[in-house]
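Here is a short briefing to read alongside the model on your screen. It moves from the whole chain to a few single residues.

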Amino acid sequence: MIVKRIELDDSAYMDAYIADVIDTYERKAILVIPGGGYVEVCSGREGEPIAHAFVAKGFNAFVLHYSVDRTRKFPAQLIEASLAIKNIRDNCDEYGINKEEVYAVGFSAGGHLCGSLGILWNNKEVYEKIDMPVGYNKPKGIILMYPVVTCDERYGHMGSFYNMFCDDNVSEEEMKTASLELHVNESSSPAFIFHAADDPCVPVENALMLAGAYSRSKVPFELHIYPEGAHGFALGNDITMVYSPDLGRRGLSSWVDSAVSWMESL
């Protein structure tokens, strides 16, 4: 396996995990976007371990490290994620992947950024900054794990919105520009959504609202709601439990197999 760091711009980079070539086997690609409330990038449990899990399933994986801690205002992070997808497609031969089979998976606030790639991919600011064909940054499918979705104060993880806009006094109208359930339409990437009903940090209504928007727009999606899992369970294994024993949810690690099956069905 080749592991290397790829600089995307002066603020963002991604770590690539490129498996050894196996004869004529062509791999899919997946961009992994860890969470962290737009304050940090939780790559220890939602980055490299996720990349390894998908490499074992026939993917080459790329872990995105995007701008956090109020250093750049949204949609800067969407531009960075779009640069990552562009880099993957531009270098498909070097990376040994099918450029049409590029997916993204995101966790919590990283789920918001992943969802933005699939739903807000045609943001005009992205194309003002990046010279690329329309839709070149759009993943074939997005996997959203306990995602931050809505700015609705009843259910929203408002801290993520304040952090992404670098302001504690963001107008409701500005927040709505990044509230994903308000922007789903027929051009959105198909979505696989996974959430725990007992999530105390990002309420499960985020997933339900997004699934409802997908249903109304008649865009393919798959929704899994588990009764228990808390927030941030990632793979639910020993690595995750280093961060908190409460995140040891081994039964939930099956989401990787479910997501792979879903991607194969698209």
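A residue is called buried when its relative accessible area is under 20%, exposed when over 50%, and partly exposed in between (1.4 Å probe, protein chains only). On that scale, buried residues account for 57% of the 266 residues in the chain. Please keep in mind that this is a predicted model: local features need pLDDT of at least 70, side-chain atom pairs count only at pLDDT 80 or more, and totals for chains, interfaces and linings use all residues. Residues are numbered from 1 along each chain as its sequence is written, and side-chain values use heavy atoms, with hydrogens and water left out.

**Overall build**
- The chain has 11 helices and eight strands, where helices (H or I, at least four residues) and strands (E, at least two) are DSSP runs numbered from the N terminus.
- With a radius of gyration of 17 Å, close to the 18 Å that the globule rule gives for 266 residues, the chain is as compact as a globular protein of that length; the radius is taken over C-alpha atoms, and the rule is 2.2 Å times the number of residues to the power 0.38.
- The C-alpha trace spans about 55 × 45 × 35 Å along its principal axes.
- Of the contacts (heavy atoms within 4.5 Å) between residues at least 6 apart in sequence, 73% join residues at least 24 apart.

**Charges**
- The chain carries 22 positive and 38 negative charges, and their mean positions are 3 Å apart.
- Lys and Arg count as positive and Asp and Glu as negative, without His and the chain ends; each charge is placed at NZ of Lys, CZ of Arg, CG of Asp or CD of Glu.

**Cysteines**
- How many disulfides are there? The count is zero, a disulfide being a pair of cysteine sulfur atoms within 2.5 Å.
- For Cys151, the nearest cysteine sulfur is that of Cys201, 17 Å away; Cys151 is buried, at 10% relative accessibility.
- Cys166 is in no disulfide either, with the sulfur of Cys151 its nearest, 17 Å away; Cys166 is partly exposed, at 28%.

**Two loop residues**
- Thr24 lies in the loop between strand 2 (13-18) and strand 3 (27-33), and its 72% relative accessibility makes it exposed.
- Lys138 sits in the loop between helix 6 (124-129) and strand 6 (141-145) and is partly exposed, at 24% relative accessibility.
- Beyond its neighbours within four places in sequence, Lys138 is in contact with Arg89, Leu117, Trp121, Ser187, Ser188 and Ser189.
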